[in-house]
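Hello,

Here is the structure you asked about. My notes follow below it.

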Amino acid sequence: MDETKNGTAEHIAQTQKIPFWRDVRVLRVLFQVLFLGGIVLLAALLYTNMLRGLDKLGVTLDVAFWNEDNFLQNEAGFAISEGIRYTPADSYMRAFWVGVVNTLKVSVIGIACATLLGLFAGVTRLSKNWLISNIAAAYVECFRNIPLLLQILFWYAIIRKLPRVRESLDFFGGVFINQRGIYLPAPQPTSGLKMWGIFLGIGLIIAVILYIVRWRQLQQMELPGFRAKWALPAFLAVAVLGWFLTQPTPLTLDLPVLQRFNFEGGMSLSAEFAALLIGLVVYTGAFIAEIVRAGIQAVAKGQREAAKSVGLNDAQTLRLVVLPQAIPIIVPPVTSQYLNLAKNSSLAIAVGFPDLFSIGETMMNQTGQSIPVFGLIMASYLIMSLTTSAAMNWYNQRLHINRTGR
């Protein structure tokens, strides 16, 4: 009897319709729609207010980038001290692209150098040698706690105090450093480059085959190991052999030569670029060093003891046992430092390096189109950051798959 009553009550509860204003599912969706509508309304109010303010200033908002008469297609009329090929007669779009390339250049080189510096400083800080570990600690604590802008200005002042052009510091007869920057030999391709490219292709095929063989061997033995143990030496051997067999030499060095007013030939790094790059690398490297140190210390002490028990020395323990386990811990916070380095490159305006933000500011001053130019600048930094994050997330995912097998 009780079961019949319970069943009847459940049936009534199921068949009875709940008013929509009391239905949790409806309310959940309704509140989200209302919140989204509020965001759209607020954006519309801000956009209307912006148009009203621009109209009072007599400025027309030009965001139709696809039109041929857009302001980006007009002649820029200002010079840019360095970067890819550009003349003042080129368009604003070309000038903006120069800034993007300059920002990418300093960001990519800075990320590579800061990674190497941070890895070296992080490992040496854990060294058993008292002097080495304390030098690394002093570097980290010093440069990590000084504002980046001050460091960039400091390095720029140091470079400006270097000897004049005719009194340049000469290293190895091809590297010259003076107050205008750094002048380096530049590789120049010859007619033998195509033949050497064939050797490189053959070496790459051999390396891929050896890599696959080594990978399957390690899988069958269920052992960890360096998969490129055979592939890398084979590729280098074929590349070196092809270099000596190819005539003429695939690449030659174009050395900088002092002329009447400055060096010509080779490649040069301006004082502004060098100061910005050194500041970014030294500053970011200090943070990466702390991340590396923390990642290494996060590996269980028993792992080191087990490695030593099987006869591995300190270098082998670090390379084969500690770092493979520390890298998955290190990658996520290091990604944030990579993003910070790219965004901090906007401080280039302090030393006059023509980066994305610096050129964008000049465009705003000349055209009055501050909103579209700011939008382009933000979109450029956003794309660079999202691309870096995607690449590092992919790498981190590959590390996880290699460790867990799924």
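Is E272 buried or exposed? At 16% relative accessibility, E272 counts as buried (buried means under 20% relative accessible area, exposed over 50%, partly exposed in between, with a 1.4 Å probe and protein chains only).

Before the rest, two notes on the source. This is a predicted model, in which local features need pLDDT of at least 70 and side-chain atom pairs count only at pLDDT 80 or more, while totals for chains, interfaces and linings use all residues. Residues are numbered from 1 along each chain as its sequence is written, and side-chain values use heavy atoms, with hydrogens and water left out.

Salt bridges

E272 forms a salt bridge with R160, with the closest N and O atoms 3.2 Å apart (a salt bridge is a side-chain nitrogen of Lys or Arg within 4 Å of a carboxyl oxygen of Asp or Glu). The pair links helix α8 to helix α5 (residues 148-160), 112 residues apart (helices, H or I, have at least four residues and strands, E, at least two; both are DSSP runs, numbered from the N terminus). R160 is partly exposed at 36%.

R125 pairs with E290, the closest N and O atoms being 2.2 Å apart. E290 lies in helix α8 (residues 271-298) and R125 in the loop between α3 and α4, so this bridge ties together parts 165 residues apart in sequence. R125 also forms a salt bridge with E141, at 3.5 Å. The whole structure has seven salt bridges.

Loop

The peptide bond from Q247 to P248 is cis, with omega near -5°. P248 sits in the loop between α7 (231-245) and β5 (251-254).

Regards
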